[in-house]
Each structure stands twice: as C-alpha cells, then as structure tokens.
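Trainee: Here is the model I was given. Please go through it with me, starting with the terms.

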Amino acid sequence: MKKYDLIVIGAGPGGYVSAIYAAQSGLKTAIIEKNHRLGGTCLNIGCIPTKVLIESAKYLKKIKFMKELGIEVKEFSFSIEKAMKRKDRIVNKLTKGVEFLMEKNNIEVIKGEASFIDNAIIKVQGEEIEFENCIIATGSKPAELPHITLDGEFVISSTEALSLNPLPESIAIIGGGVIGVEFATIFSSFGVKTTILELMPQLIPGMDRDSADILKSELKKQKIKVFTDAKVKGAKNGKVLFEQNGEENEIEVDKVLLAVGRKPYTSGLGLHNTDIVLEKGHIRVSENLETDVKGVYAIGDVIDTPKLAHLASREGIKAVNHILGIEDKDDIYLSCPAVVYSSPEIAYVGLSLEDARQRGIEAEEAVFPLSANGKAYIEGIKNGFVKVVYNKNSEKLLGVHIVSPNASELISECAVAISKKMRVEELSRVIHPHPTVSESLMEAFHLAAGYPIHI
Ligand code: NAI
C-alpha cells in the first residue's frame, strides 16, 4: 500500500498551498482532487472568474468618467462573448499554473474522489492509500433555501451566473452578501436590470455600518434596486415574491441568482468511517486545526471560520506547521483582511467599533474622508473613507475599514499593523508617498493619535 507523510484532499487555495509548503518542508506529499482541473472554487468558479468580469465592469464605468478628463469616447460596444472568453483564458492559465507548481514541488496529484476507510487509510479510484497526516480542504458549495428550487435555468447559483451568455434583461439576486453585491456590480454595469433582496436590515450583515451605508447608496447610484429586510417567499415562473415591512411584493425577472451563503462540502468523504466530528455541517477542529482524529486536519470553507481563499491558504500553512512542530501562534483570524469588490471597493481587517465595544474593549474610531485627499480628487473618487478603530487606553490598532477604489490593495499594510499589534501613534509616523490615496491611512492615524493635519 502506498504511504505518504501528508495527503491533502482538495486542490483549492487551501489544499494546494498546504501541499506546496509541506513538500518544500520535506514531507512526502500527495494531493487528491476530483475535478478535472486544479484550483478549486476560487480559481475555477469563484474569486478569479468574478474578478475578471469585475475588471470589464470597472472599465465600462471608467468610460463614463473619461468625459470629465476631457476624453470623449464617441462610440463603444461591449461584448459579453469576449469578456467570457477572456475569463476562461485566465482561469485556464492559472489552473495550469497550479499543475506546474505541483510538478515542480514533486507533489503527486491523484485525480479522483477520496473517501476515508478508517482514521488512517483513504480510498481513491479503488486504491487504498495510507497516510501519516491528512489535511481535508474540500471547500464549500452554494447554500440553498428550502422553498426555492435551484433549477439552473430560472434560479441559478454563482456557478451558472459566471457563464451567462447571452445576458438576461433583468435579474433578482437573493442575498445581499459578498457574492450578491459583487454580481450586482457586474450585471448592472453590463446593462442588466438588477435587484438585490436582502433578508437583514443591512447589506453584508456584520460589516461596519458606515461602509454598508455607503455601499447601499453607491449601488443605488448604479441603478441597482436594493431591498433590505426583504423576506423572499418564492421564485418561479419568471416571478419573485417577497415580503417587506409586512407588505407582499412581486417582481418579474428573467433570472434569479441565489446567493444566500455557502455550506461545507463533506459528502462522499466517508467521515462516518472515522472519529471526525461534524458541527452544523462543518468539520470540528482544535485551535491547531486538527480534527478529533490525531494527524487529520481540516482547513478552509469546510470548517467554521470565514470562507475566504487567503485565509484557507494561511490555515493550511498553520496546519502544516503543527505537523512539523513549528510554533505558529499568530492570531490569523483577527489579522485576516476581507474585501468586497464592489464599486468602490470595501476592505476591512480586525474589529469594527461595535465588535470591539461588545468585547468590552474601550475603543474609539477616527475617520478620514477621501474628500480631504488630493489624489482622490485627481482620480475622481467622490465618496469613501478610511476608518481606524483603536484601543483608547493602549492605543493599539484594532481594526481598519476602507471604502475606496483599490481598497483591496490599501488594506494589506493594515493587516501587517494589526498582526504586529502596532499602536496608532507609531503608525502615524510612517511616511506615505504623496500624492496617494494611501496617505488617507496615515491621516487617519494622525487623527487617532491626536494631531489631525489635513482635516
Ligand atoms: P454571505 O454569507 O456573505 O451572504 C449571504 C447573504 O444572504 C446574507 O446577507 C444573508 O443575510 C442573506 N440571506 C440569507 N437568507 C436569505 C433569504 N432567505 N432571503 C434573502 N437574503 C438572505 O454569503 P455569500 O454572499 O453567498 O458568499 C458565500 C461566502 O463566500 C461568504 O462567506 C463570502 O465571504 C465568500 N466570498 C468572498 C468573496 C470575497 O472575499 N471577495 C467573494 C464572494 C464570496
């Protein structure tokens, strides 16, 4: 029987990063993947393809702004066909890149569905394989609602939404979370009449309230209809029925995108043959990401931590460090940034003011509006801010919330600051190049440290 130091199940950003790190650290490693392409949801039907389409959406928006710059674009057209082909090319290239990395790092790729025989043996394609350690990184799949049938025709998931060609004239998106908001941004800029129906009082529940407020008003400016506190009762025959403030409403649409979350993917894994415990569908793990079976770890969307590709990769490294006996005590959850690729982008890391106060921390916030930043004017940014949340007593940075174009790039330095437990006063002394939007971060730290310069 073949035996490996480490078997990784699932070749998404959690699994393949774990495999590379383990192989580079000297572990004899194999990765098992049932899909014909490596890369998991993120590369094939998630982060990457959506961001390719968002790039087209961004440029369509920029065409309108060009007039303000003195550039008149007299005629332009948009081809969904070409945008989709570009998406497929990029996905193809990146998944091939993962294959190359597996080969380069001497990781054996086993194609097929892995199923546990017991706590130490896995079966794939009829062959039994023994392992010293195992990392389960099988990810998640779209969640469904009991009263709405995901038929792949009228009601679709994000997977089908990524290949809609031709585009529908109108779409209702059930769920105003990250997927709902990103697809609304894509579809509305492609000219599709878009409506979001969100169950909770705010979009992206749990997000800093001021960020959510700007998001809602910006989506409305993009002619996206947003209904919050909206309870969807049914979706069939071209109609969506929902209740808002006790009133029943009905809208007619060509398509419905169901985006009400994702649930862990464990079917077919044979977990009943092991001592691994599931809690509300997620695999239960310790703080070292080890399951109830010694030497078997679980990371990424299949466990109950935020469902983010970059977090899954970091969890993979943490799990491998535990296997190797390397200390890895960083608070990866507090310092994990999150991004919504809306227009403008929203990025955040750490705690919101409400979160901090709920934890009993004496917290304060300092907000620097982009309307006081020169580069924001140059770039035509009209709405946005940088908000820093800090501990009033220790002055330690607790969280940062950015609403701005390229917020996804600006947030990384804040992740470093939170991970290194830096204080707002020391952060305020770090020089930022002028003129940049990133100066707004420094300005927010100035404000928090008690010496506001440009405000
Ligand atoms: P989500 O959990 O972010 O949002 C689901 C939304 O649906 C919530 O706002 C919820 O209140 C709402 N909802 C639930 N039931 C509903 C109902 N019956 N009617 C109306 N609304 C209802 O999940 P989402 O957006 O599907 O994304 C799944 C996961 O993928 C998330 O954990 C997210 O973090 C991740 N993701 C991350 C991205 C990024 O990092 N940029 C992009 C896309 C997804």
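Mentor: Patches are made of residues with over 30% relative accessible area and no salt bridge, with like charges joined within 9 Å and nonpolar side chains (Val, Leu, Ile, Met, Phe, Trp, Tyr) within 5 Å. A salt bridge is a side-chain nitrogen of Lys or Arg within 4 Å of a carboxyl oxygen of Asp or Glu. Accessible areas come from the Shrake-Rupley method with a 1.4 Å probe, and for residues only the protein chains shown count as cover. This is a predicted model, in which local features need pLDDT of at least 70 and side-chain atom pairs count only at pLDDT 80 or more, while totals for chains, interfaces and linings use all residues. Residues are numbered from 1 along each chain as its sequence is written, and side-chain values use heavy atoms, with hydrogens and water left out.

Trainee: What accessible area do Leu 69, Ile 71, Val 73 and Phe 76 have together?

Mentor: These four residues form a nonpolar patch on the surface. One of them, Val 73, sits in the loop between α3 (47-66) and α4 (80-104); helices (H or I, at least four residues) and strands (E, at least two) are DSSP runs, numbered from the N terminus. Together the four have about 350 Å².

Trainee: Is Lys 387 buried or exposed?

Mentor: Buried means under 20% relative accessible area, exposed over 50%, and partly exposed in between (1.4 Å probe, protein chains only). Lys 387 is found in strand β23 (residues 385-391). Because its relative accessible area is 2%, Lys 387 is buried.

Trainee: Which residue does the side chain of Lys 387 meet in a salt bridge at 3.4 Å, N to O?

Mentor: Asp 208, Asp 210, Glu 365 and Lys 387 are linked in a network of salt bridges. The side chain of Lys 387 also makes a polar contact (N or O atoms within 3.5 Å; within protein, one must be able to donate a hydrogen and the other to accept it, and residues adjacent in sequence count only if both atoms are side-chain atoms) with the side chain of Asp 210, at 2.7 Å. The salt bridge at 3.4 Å is with the side chain of Glu 365.

Trainee: How far apart in sequence are Arg 423 and Glu 395?

Mentor: Their side chains meet in a salt bridge, at 3.9 Å from N to O. Arg 423 lies in the loop between α11 (407-419) and α12 (424-428) and Glu 395 in the loop between β23 and β24 (397-403), so the pair ties together parts separated by 28 residues.
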